[in-house]
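These are my notebook entries on one chain. I set down what I looked up, entry by entry.

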Amino acid sequence: MNKEYFLKSGFLKFQLDDVHSLIDEINADLNWHWNNLRAPKNVPNSEIQQTWLDQGNMRIQDAWKCFESIHSIAKLDQITSILLDLYGSKPLPFQTLNFLFGTEQSVHSDSVHFNSEPFRKMCGVWLALEDIEYDQGPLFYYPKSHTLPELNNKILDFEISTENYPLIVNYWKNVVNEKKYTQEVATLKKGEGIIWDGNLLHGGMNHKNKNKTRKSMVTHFYFEGSNPWRPLTSSPNHKDYFEPEWIN
Ligand SMILES: O=C(O)CCC(=O)C(=O)O
């Protein structure tokens with residue numbers, strides 16, 4: 001039932017059981033870092049991550065390396081078993097992102113950052129670490145947009161590259177209008193989450209009330225048997241396959 005819905009819609013909401021104390025632990029672990037705007041020393045590229053915080057980009061990447069609480073969410077049996085059911089192969093977590101505020105990210109699909117062979121064997125799992133209402137910059141997404149074709153230079157009429165990323169975002173915005181996709185907004189309670197197919201178009205709403213935080217986290221997954229590659233750093237002569245740092 002869940003699987004049928006996920007295949008058709010490209011996303012699935014879920015609610016974790018007995019997770020509030022683990023979430024409280026995560027929030028307590030990150031509290032000092034958010035309050036002092038300091039990236040944890042042991043995260044990868046901590047100096048670069050520090051510049052993100054200095055510039056007001058309130059995210060910490062791969063904090064699973066520093067905090068067992070975050071590692072536990074990435075490996076949580078409840079999430080693993082939902083993903084196993086949806087994809088039929090073992091989920092392999094490879095990156096966590098923790099947010100203090102809404103990211104306000106433009107519409108995008110993850111598959112242009114983290115693609116897979118075969119296509120669409122990657123997903124994001126987003127979890128609310130507190131109750132998130134409309135004015136807190138919730139996640140938005142476009143149901144059914146995951147069935148859009150895999151992007152390539154022919155479809156776009158220009159080369160997929162980091163430099164051309166703004167043009168790719170324009171392409172997505174036009175597609176949303178042309179296809180008349182209906183936007184949905186994920187106002188979720190603490191412990192609720194959403195899984196999105198790697199090709200589903202999504203982003204972050206404006207965070208209107210900055211007096212409130214939007215504590216949340218994403219874990220990205222590939223699936224056993226798929227080959228990860230990155231379109232943005234590939235070229236017609238070179239496909240950028242890579243080995244993610246798996247969360248074991
Ligand atoms: O949490 C958000 O606002 C957006 C997150 C997102 O788009 C992503 O991780 O790909």
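This is a predicted model: local features need pLDDT of at least 70, side-chain atom pairs count only at pLDDT 80 or more; totals for chains, interfaces and linings use all residues.

**Entry 1**

For the pairing of strand 3 with strand 10 (residues 216-223), I read eight bridges in the antiparallel sense. Within strand 10, V218 is the residue that stands opposite L97.

Is strand 8 mostly covered or mostly open? I found it mostly covered, with six of its six residues buried. I then looked at the two faces separately. On one side E192, I194 and W196 are buried, and on the other G193, I195 and D197 are buried, so both faces of strand 8 are covered.

I looked up the pairing with strand 1 and found five bridges in the antiparallel sense. F11 has W196 in strand 8 as its bridge partner. Strand 5 (residues 122-128) also pairs with strand 8 over five bridges, again in the antiparallel sense. Here I noted I194 in strand 8 as the bridge partner of W126.

I turned to a sheet of three strands, which is open, antiparallel in its pairing and ordered 7-6-9. Strand 7 (184-186) and strand 9 (202-204) stand at its edges; each has a single partner strand, so one side of each lacks a neighbour in the sheet. Direction ignored, I found neighbouring strands of this sheet turned by 30° against each other on average.

Strand 6 (residues 139-141) and strand 7 run antiparallel, and I read three bridges joining them. In strand 7, V185 is the residue opposite F140.

**Entry 1: aromatic pairs**

How many aromatic pairs does the structure hold? I found 12 aromatic pairs. One of them is formed by Y5 and F11, edge-to-face, with 5.6 Å centre to centre and 80° between the planes. I checked the accessibility of both residues. Y5 is partly exposed, because its relative accessibility is 38%, whereas F11 is buried, because its value is 3%.

I then looked up F94 and F114. I found both F94 and F114 buried. Together with Y222, F242 and W246, F94 and F114 form one aromatic cluster.

I also looked for charges over rings. R230 has its charged end over the ring of F242, 4.0 Å from the ring centre. K239 has its charged end over the ring of W229, at 4.4 Å from the centre.

**Entry 2: N115**

I looked up N115, which is found in strand 4. Which residues is N115 in contact with, leaving aside its neighbours within four places in sequence? I listed E150, Y222, N227, P228, W229 and P231. I also took the separation of N115 from V175, 60 residues apart along the chain: their C-alpha atoms are separated by 20 Å.

**Entry 3: the chain as a whole**

The chain has seven helices and 11 strands. Its radius of gyration is 17 Å, close to the 18 Å that the globule rule gives for 248 residues, so the chain is as compact as a globular protein of that length. Taken along the principal axes, the C-alpha atoms fill a box of roughly 50 × 40 × 35 Å.

I found that buried residues make up 52% of the 248 residues. Of the contacts in the chain with a separation of 6 or more, 82% are accounted for by residues 24 or more positions apart.

Definitions and conventions. Residues are numbered from 1 along each chain as its sequence is written. Side-chain values use heavy atoms; hydrogens and water are left out. Rings of Phe, Tyr and Trp (its six-membered ring) pair if their centres lie within 6.5 Å; planes under 30 degrees apart count as stacked, over 60 as edge-to-face and the rest as tilted. Buried means under 20% relative accessible area, exposed over 50%, partly exposed in between (1.4 Å probe, protein chains only). A charge sits over a ring if NZ of Lys or CZ of Arg is within 6 Å of the ring centre and within 35 degrees of the ring normal. Two strands pair if DSSP finds at least two bridges between them. Helices (H or I, at least four residues) and strands (E, at least two) are DSSP runs, numbered from the N terminus. Axes are lines fitted to C-alpha atoms, for helices over the stretch in contact, and angles run from 0 to 180 degrees between N-to-C directions. The radius of gyration is taken over C-alpha atoms; the globule rule is 2.2 Å times the number of residues to the power 0.38. Contact means heavy atoms within 4.5 Å.
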